[in-house]
Amino acid sequence: MATWRELEAELASRLAHASLDERVVFAVGVAERLMRVQEALPGDEQAEYTLGLRPLLNALWEAALGNPAAFGEIKHGMGEYLLSDYCHNDGPDGAGDADEPAAAAVLHTAAAYLFGAGDLATVVSGCAVEAADERSTTVDGHDDAPDEVLAAELHRQLQDLALITRHSGSLRHAGLGLDIETSTRLHRELRIPLSSGEAGAGP
């Protein structure tokens, strides 16, 4: 069985060969799963800043699946972050809310979409691996089979990317806009399974 490090390298290789549009959809899907974990937490454990990024994440879904009209909302959402105290170079002395895995995933996905920086999909993948590592730590501070947990997360990401790749033809030039019928179909065939807590496809 492949180690999580080997799976991480395989994912990075597959992402490098994917189109920008495929990588953006992948990043949005990872960010969505992280956001849903955050939204499912008890109210007193939720990160308020992260939850405030839900509209930006919804706009990213629209844009990634062929609705270029969402560009404006994404631009404004990213602008608000850049002008906020959460965007800083103060290291641990600055506000850290944007470092929460779901928040970081959404913001890196927005940057990938706005600036055509498809390599940021690998960073978003890392946010989910980091979150899985954190969740594997038990209350007494001991790891609960961390390697298996990280491998499971990366297996999920590879399955998601395989599903996205099967729709590569439809996603080609999605950033420039798709017809309503194609966009609606992609929401059904990609957004729903990629958002699910269960794996969406075989590798």
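**A chat about the helices, core and ring pairs**

User: Where does Ala111 lie?

Analyst: Ala111 lies in helix α6. Helices here are DSSP runs of H or I with at least four residues, strands are E runs of at least two, and both are numbered from the N terminus. This is a predicted model, so local features need pLDDT of at least 70 and side-chain atom pairs count only at pLDDT 80 or more, while totals for chains, interfaces and linings use all residues. Residues are numbered from 1 along each chain as its sequence is written, and side-chain values use heavy atoms, with hydrogens and water left out.

User: OK, is Ala111 buried or exposed?

Analyst: Ala111 is buried, at a relative accessible area of 10%. Buried means under 20% relative accessible area, exposed means over 50%, and partly exposed is in between (1.4 Å probe, protein chains only).

User: And what does Ala111 touch?

Analyst: Leaving out residues up to four places away in sequence, Ala111 touches Met78, Gly116, Ala117 and Leu120. Contact means heavy atoms within 4.5 Å. Met78 is 33 residues from Ala111 along the chain, yet their C-alpha atoms are separated by 7.7 Å.

User: Let's zoom out. How many helices and strands are in the chain?

Analyst: The chain has 10 helices and zero strands. Reading along the sequence gives α-α-α-α-α-α-α-α-α-α.

User: What radius of gyration does the chain have?

Analyst: The chain has 17 Å, which agrees with the value near 17 Å that a compact globule of 203 residues would have. The radius is taken over C-alpha atoms, and the globule rule is 2.2 Å times the number of residues to the power 0.38. Along its principal axes, the C-alpha trace spans about 50 × 45 × 30 Å.

User: What share of the residues count as buried?

Analyst: 46% of the 203 residues do. The chain exposes about 10,200 Å², and carbon and sulfur atoms supply 53% of that. Those areas come from the Shrake-Rupley method with a 1.4 Å probe; for residues, only the protein chains shown count as cover.

User: What about contacts between residues at least 6 apart in sequence: how many join residues at least 24 apart?

Analyst: Of those contacts, 71% do.

User: How many residues does the largest nonpolar core have?

Analyst: That core has 61 residues, and the ones with the most contacts inside it are Ile74 and Leu190. A nonpolar core is a set of buried Ala, Val, Leu, Ile, Met, Phe, Trp, Tyr and Cys residues joined through side-chain atoms within 4.5 Å.

User: Which elements give two or more residues to this core?

Analyst: They are α1 (4–17), α2 (20–39), α4 (54–64), α5, α6, α7 (120–136), α8 (146–165) and α10 (180–195). The largest share, 11 residues, comes from α6.

User: Back to Leu190: what is it in contact with?

Analyst: Setting aside neighbours within four places in sequence, Leu190 is in contact with Val25, Leu65, Leu163, Ile164, His167 and Leu171.

User: Where does that His167 lie?

Analyst: His167 lies in the loop between α8 and α9 (168–171). At 12% relative accessibility, His167 counts as buried. Not counting residues up to four places away, His167 touches Arg185, Leu186, Glu189 and Leu190.

User: What phi does His173 have?

Analyst: A positive one, about 65°, although His173 is not a glycine. His173 lies in the loop between α9 and α10.

User: New topic. How many aromatic pairs does a search of the whole structure find?

Analyst: The search finds two aromatic pairs. In one, the rings of Tyr49 and Tyr86 have centres 4.2 Å apart and planes at 40°, so the pair is tilted. Rings of Phe, Tyr and Trp (its six-membered ring) pair if their centres lie within 6.5 Å; planes under 30 degrees apart count as stacked, over 60 as edge-to-face and the rest as tilted.

User: Where do Tyr49 and Tyr86 lie?

Analyst: Tyr49 is in helix α3 (residues 48–51) and Tyr86 is in the loop between α5 (71–82) and α6 (101–115), so the pair ties together parts 37 residues apart in sequence. Tyr49 is buried at 16%, whereas Tyr86 is partly exposed at 27%.

User: How far apart are the ring centres of Phe71 and Tyr113?

Analyst: Their centres are 6.3 Å apart and their planes are at 55°, so that pair is tilted. Phe71 lies in helix α5 and Tyr113 in helix α6, so the pair ties together parts 42 residues apart in sequence. Phe71 counts as partly exposed at 37% relative accessibility, while Tyr113 counts as buried at 15%.
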